[in-house]
Amino acid sequence: MKADPIRYRHLQGKPEGITDTTPRFGFHLASLQAVDKIRSRFARHPSVIKRSMIFIGTVNLTRTRDQGNFLCPACGVSQGYRLRATRAWLTVYFIPTIPVSNHEPFVQCDHCKANWDPSVLEMDHLHYSDVAEEQFGEEAVRAAVLVVLADNQITENEINSLQAIASYLMRRPVGRDELGQVCSSARQHRIEPVNYVLTVSRPWNQKQRLRALQAMFLAAAADGPLGQLQIEILASMQELFDLTDAEYHRAIEQAVEWSSDG
Ligand SMILES: [Zn+2]
């Protein structure tokens with residue numbers, strides 16, 4: 001009778017979620033120490049102990065244990081991650097049999113595939129999210145300014161409204177001068193609001209997208225009912241942000257409530 005790897009695969013079962021099964025045939029110190037264990041474990045199977053030589057090696061198996069979002073230091077923005085763990089297993093006839101090392105966890109960015117120590121999930125989280133939030137604020141203010149300037153004019157109401165929106169988004173008072181600079185640079189570059197948002201909004205998360213949409217809506221509504229051009233711009237934003245009609249209307253309702261709260 002010959003040893004039948006398939007049989008042992010069946011007996012041992014295969015750990016779930018294994019993705020890296022590249023065998024490593026170097027002898028591990030721990031694997032030598034484990035040989036006796038294996039022998040006694042397989043003593044119940046006469047087919048194995050009849051053979052004078054047993055193929056033993058190690059294999060590193062990696063499995064995903066958790067996932068979520070984190071601020072990837074390499075990407076500089078929020079990305080999905082997978083918390084993965086690698087563990088060395090002793091193989092007998094190339095089949096992972098018993099673990100010979102502890103789990104070694106690491107975090108992998110879904111976007112750039114860089115690996116990080118799990119402490120990256122807590123490390124400087126605040127700092128990165130502040131930077132991301134500040135950049136988002138500037139971009140959303142500029143988007144609102146571009147919506148207002150789309151009809152090539154800006155009224156006193158619109159300026160006041162933009163100032164309130166900018167202070168809200170930037171979480172600090174934004175003066176008229178600072179706002180004036182954003183307006184004049186936006187005027188010079190003459191970028192369509194939709195094209196601008198298309199370029200900058202990729203790292204925005206869903207909450208930020210909704211806030212930017214609300215800012216654009218409030219800026220557009222500063223002078224009363226929206227004009228046809230502004231309705232079209234906001235409709236393009238809905239499409240760009242991939243929002244359902246229900247999500248879009250809820251966001252607008254919230255914005256109205258927010259502005260009536262002052
Ligand atoms: Zn990354």
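Reader: What makes the crossing of α7 and α9 right-handed?
Author: A crossing is right-handed if the near helix is turned clockwise from the far one by less than a right angle, and left-handed if it is turned anticlockwise. The crossing of α7 and α9 is of the right-handed kind. The helices themselves are DSSP runs of H or I with at least four residues, strands are runs of E with at least two, and both are numbered from the N terminus. This is a predicted model, in which local features need pLDDT of at least 70 and side-chain atom pairs count only at pLDDT 80 or more, while totals for chains, interfaces and linings use all residues. Residues are numbered from 1 along each chain as its sequence is written.

Reader: Why are α7 and α9 called roughly parallel to each other?
Author: Their axes cross at roughly 20° and come within 10 Å. Axes are lines fitted to C-alpha atoms, for helices over the stretch in contact, with angles from 0 to 180 degrees between N-to-C directions. Angles under 35 degrees count as roughly parallel, over 145 as roughly antiparallel, 65 to 115 as roughly perpendicular and the rest as oblique. The pair α7 and α9 is therefore roughly parallel.

Reader: Which residues make the contact between α7 and α9?
Author: P193, V194, V197 and L198 of α7 meet I233, S236, M237 and L240 of α9. Two residues are in contact if their C-beta atoms, placed from the backbone, lie within 7 Å.

Reader: How do you know that the buried residues of α7 line one face?
Author: In α7, residues 193-200, the buried ones are P193, V194 and V197. Seen down the axis, they fall within an arc of 95°, so they line one face of the helix. The arc is that of the directions from the helix axis to the C-beta atoms. N195 and T199, on the other side of α7, are exposed. A residue is buried if 20 or more other C-beta atoms lie within 10 Å of its own, exposed if 12 or fewer, and partly exposed in between.

Reader: What puts the buried residues of α5 on the same side?
Author: E158, S161, L162, I165, A166 and L169 are buried in α5. They cover an arc of only 135° around the axis, which places them on the same side of α5. This helix, residues 156-170, reaches 21 Å from its first C-alpha to its last, close to the 21 Å expected. The expected span is 1.5 Å times one less than the number of residues, and α5 has 15 residues.

Reader: What makes F94 partly exposed?
Author: F94 has 16 other C-beta atoms within 10 Å, so it is partly exposed. Its phi is also positive, near 70°, and F94 lies in the loop between β3 and β4.

Reader: Why are α8 and α10 called oblique?
Author: They pack at an angle of about 60°, with their axes 9 Å apart. The two helices are therefore oblique to each other. Their crossing is right-handed. Among the residues that meet are L210 and F217 in α8, and A251 and A255 in α10.
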